[in-house]
Amino acid sequence: MRLRYNYRVYPTPGQQEALARAFGCARVVFNDGLRARQAAREQGLPYISDGDLSKRVITEAKKTPEREWLSEVSSVVLQQALADLNTAYRNFFASLSGKRKGRKVAPPRFRSRKDNRQAIRFTANAQFRVLGNGRLRLPKIGDVVARWSRALPAEPSSVTIVKDAAGRYFASFVVATTDEPLPTVDAEVGIDLGLTHFAVLSNGRKVTTPKFLRRAARKLRRLQQDLSRKQRASNNRTKAAVKVAKAHARVADTRRDWQHKLSTKIIRDSQAVYVEDLCVAGLGRTWLAKSVHDAGWASFIAMLEYKAARAGRTFGKISRFTPTSQMCSKCRRIDGPKPLNVRTWTCPCGAVHDRDVNAAINILAAGRAERLNACGAQVRPAPVPAPRREAGIHPGATRGTRAARRESPSIRAGRTSTVGVQPQPPRPVPQGPVLTRDPVVAAIGSRPRPGRVPADQRGG
Ligand SMILES: [Zn+2]
């Protein structure tokens, strides 16, 4: 399985400038390529092949005075920007023809310098290297200080350098990892994801969203209010926007870290895990939108899925149309829909049910049934689609948001320098520690980033 390993990196001001240039060049090449294909389409010309496009917007463009500055950055970065465009087109075509399942994919859109997330990718061809002194050597950028929160398990095949909305830089390595089967256990579990509790397990365990996440969300709301009161295009507005972005990043990091711990524990404790196939995108458009996105079920389910695949556990999603909350888990009578405020109910058969635990038990039963229906054969899960997002986690995230805030830049600098003492070039590590704490791993899927796929379809 290919996984992402993410590390915070600290480029110097000069390196930040070089990175900004590279982000810009990659964006220009991407947009030039998109414009060329759009123009060809409007003129009724055939689709420009990947090779021709590369020649036109990279090789030939470098010879023109308007684009000669493209040669200031690594050509791999430019090729990878075009590779992104080609993938976006392929996904779009596959979606049109029905070969690609799921939501419709919109045609690629132009990248903007105002995009929250700027990224460039180096492949092995670019000869990026992790140096003995712990720095990350990037062609035409320099040797960047990185904080190696954990060792890379193998030689990475590519690295993406990301600058997020909060102005932080990350190096996101793609590493091929081996599966790490966990010892077999007896327990199987059904999980009901909800709003009153984050998750309710069929064994009766209820998991609430922790307080620190709710507190952080409250603070975020206040900052958002501050921002909305600032005058447009003012310096104060820019400052407030950065504060909001930082707070968002902190909430997201903390939530992700918490979800990683919970999902790891669930996978370790159960041989099979079943969840309801929630229509998160659909719910996100209803009046529940805020709470739904806040809960982050989709990312949690994706974590369960890839961790299960890696640990040799069974993972199943049951149809969202199964009436899990209406059915008595004892006698299987369907008692009709129950309003959300009904927390417990008594079935005519005499069983008294906690609404959510009952649903979780039903999910477990439905999941088991679906697996047995598949001829009893062990169904090898399909390649796991998982979020492509880059995670950024600081070790303080779990201590709550306040601790993270207290961490001053000087301490951070001090910590970073200890990397020099203990250089960690990519090398195989014992399998244990990799799964015990994996805050920064996100499996890689070919899904486009959600931000790039608007619900509305655009022609072109
Ligand atoms: Zn009953």
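## Helix 2 against helix 3

In this predicted model, the axes of helix 2 (residues 50–60) and helix 3 cross at roughly 135 degrees and come within 11 Å of each other. On the side of helix 2, the contact is made by D50, L53, S54 and I58; on the side of helix 3, by S75, L78, Q79, L82 and N86. By class, the residues of this contact divide into four nonpolar, four polar and one charged.

Helix 3 itself spans residues 75–97, a run of 23 residues. From its first C-alpha to its last it reaches 33 Å, close to the 33 Å expected at 1.5 Å a residue. The residue that follows helix 3 is G98, which has a positive phi near 85 degrees.

## Helix 1 against helix 3

Helix 1 (residues 13–42) also meets helix 3: the two axes come within 8 Å and cross at roughly 40 degrees. That angle makes helix 1 oblique to helix 3. The handedness of this crossing is right-handed.

From helix 1, the residues in the contact are A22, C25, A26, V29, F30, G33 and L34. They meet V77, L78, A81, L82, D84 and L85 of helix 3. The contact of helix 1 with helix 3 comprises eleven nonpolar residues, one polar residue and one charged residue. In an α-helix there are 3.6 residues a turn, so residues three or four places apart point the same way.

## Helix 1 against helix 2

The remaining pairing among these helices is that of helix 1 with helix 2, whose axes cross at roughly 130 degrees and come within 10 Å. Helix 1 and helix 2 are therefore oblique to each other, and helix 1 passes helix 2 in a right-handed crossing.

Here V29, D32, G33 and A36 of helix 1 meet L53, R56, V57 and I58 of helix 2. Sorted by class, the residues in the contact of helix 1 with helix 2 are five nonpolar, one polar and two charged. V29 and G33 of helix 1 take part in this contact and also in the contact with helix 3. Likewise, L53 and I58 of helix 2 meet helix 1 and also belong to the contact with helix 3. In helix 3, L78 and L82 are in contact with helix 1 and with helix 2.

Strand 1 (residues 2–10) pairs with strand 7 (residues 169–176) in the antiparallel sense over eight bridges. Within that pairing, R8 stands opposite F170 of strand 7. Strand 1 also pairs in the antiparallel sense with strand 5 (residues 142–146), over two bridges. V9 has A146 of strand 5 as its bridge partner, and Y10 stands opposite V145 of strand 5.

Strand 5 is joined in turn to strand 4 (residues 135–138) by four bridges, the two strands running antiparallel. The bridge partner of L138 in strand 5 is G142. Strand 4 and strand 5 form a hairpin with three residues between the strands, in which K140 takes a positive phi near 65 degrees.

Strand 10 pairs with strand 9 (residues 199–201) in the antiparallel sense over two bridges, and V200 stands opposite K206 of strand 10.

Definitions and conventions
Residues are numbered from 1 along each chain as its sequence is written. This is a predicted model: local features need pLDDT of at least 70, side-chain atom pairs count only at pLDDT 80 or more; totals for chains, interfaces and linings use all residues. The expected span of a helix is 1.5 Å times one less than its number of residues. Two strands pair if DSSP finds at least two bridges between them. Axes are lines fitted to C-alpha atoms, for helices over the stretch in contact, and angles run from 0 to 180 degrees between N-to-C directions. Angles under 35 degrees count as roughly parallel, over 145 as roughly antiparallel, 65 to 115 as roughly perpendicular and the rest as oblique. A crossing is left-handed if the near helix is turned anticlockwise from the far one by less than a right angle, and right-handed if clockwise. Two residues are in contact if their C-beta atoms, placed from the backbone, lie within 7 Å. Ala, Val, Leu, Ile, Met, Phe, Trp, Tyr, Cys and Pro count as nonpolar, Asp, Glu, Lys and Arg as charged, and the others, Gly among them, as polar.
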